[in-house]
Amino acid sequence: MSSQRSQNKPRKAIQRSEIRSTDIVILVLGTTGSGMSNFINALTGMGPEDGAHGYVSCTANVIAYPCYYGARRYIFVDTPGFNATYTSQKAVFEKIAKWLSATYQERKLQFNGVIYTRRITETHRSRSERSSFQICANLIGNEAAHRVRLVTTMWDDPQDGSNFSAEENRESKLKEEQWRSLINEGATCERFLNTPVSAWDIVHGLGVDRKAGLLLQRELVDMGKSLKQTSAGMRLHQESPTSLGGLVKRLFGL
């Protein structure tokens, strides 16, 4: 495939019931403006969503987009950003959990990979971004961590001209601090260079044969837990501004 974006294809989604056991399924998570939909567009050749610009969230629901590469069908599952513009973090989490639970209950859907995107140009680690990552990490679980790619985006837009030193320093800090727990369990870091070739290199690195179920799926379906009893649900409550832990973080800027 060319490194340049091809002519925009129409946006075509499928229902979760149309996902097959032979599909290569990739879940894409992240915060609003981190490039989740843009990453999927680079893979599928689709144009941007109507109204997509800046850090305003356009993806309001969990949407599965099919794409053929060679003889294999890939399914890229786009999700609302965890700090979505017009939706609370709790509402976003519930939408994603409902989709994951339903597909696992109906057909034991597992994932070939999980992509978590983050802007490398973000100059400070906001509380909402840290909170979103922790919820995602608890949603995925350690057993599926080897299927995770922590993808930094916007490398094509360095803040210091052609000098990437600031971005590389941020990347190193992410690996050493915030992302360390998932990396220790097998997750790896990648850079998305805003081209189809770069996106497909990341996806192909996941392979096509290995799949893993997510902790949230097993907790909701196999263990029969309520959403608030799951690891991600408890993390969400801890991060809530109305909880004691959330209040302490707001007061002290943690």
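A salt bridge is a side-chain nitrogen of Lys or Arg within 4 Å of a carboxyl oxygen of Asp or Glu. Side chains of opposite charge can pair when their charged atoms come close. The model discussed here is predicted, and it holds nine salt bridges. Three of them are described below, beginning with a pair that involves strand E3.

The side chains of Arg73 and Asp23 form a salt bridge, with a distance of 2.8 Å from N to O. Arg73 belongs to strand E3 (residues 72-78), whereas Asp23 is found in the segment before E1, so this pair ties together parts that are 50 residues apart in sequence. Arg73 has a relative accessible area of 10% and is therefore buried, since buried means under 20%. Asp23 is likewise buried, at 2% relative accessibility.

A second salt bridge joins the side chains of Arg16 and Glu106, at 3.2 Å from N to O. Arg16 lies in the segment before strand E1 (24-30) and Glu106 in helix H2 (residues 89-107); the pair therefore ties together parts that are 90 residues apart in sequence. How accessible are Arg16 and Glu106? Arg16 counts as partly exposed, with 31% relative accessibility. Glu106 is also partly exposed, and its relative accessible area is 44%.

Key:
Residues numbered from 1 in each chain as written. Predicted model: local features only at pLDDT ≥ 70, side-chain atom pairs only at ≥ 80, totals over all residues. Heavy atoms only, no water. Helix = DSSP H or I, 4+ residues; strand = E, 2+ residues; numbered from the N terminus. Buried < 20%, exposed > 50% of the residue type's maximum accessible area, 1.4 Å probe, protein only.
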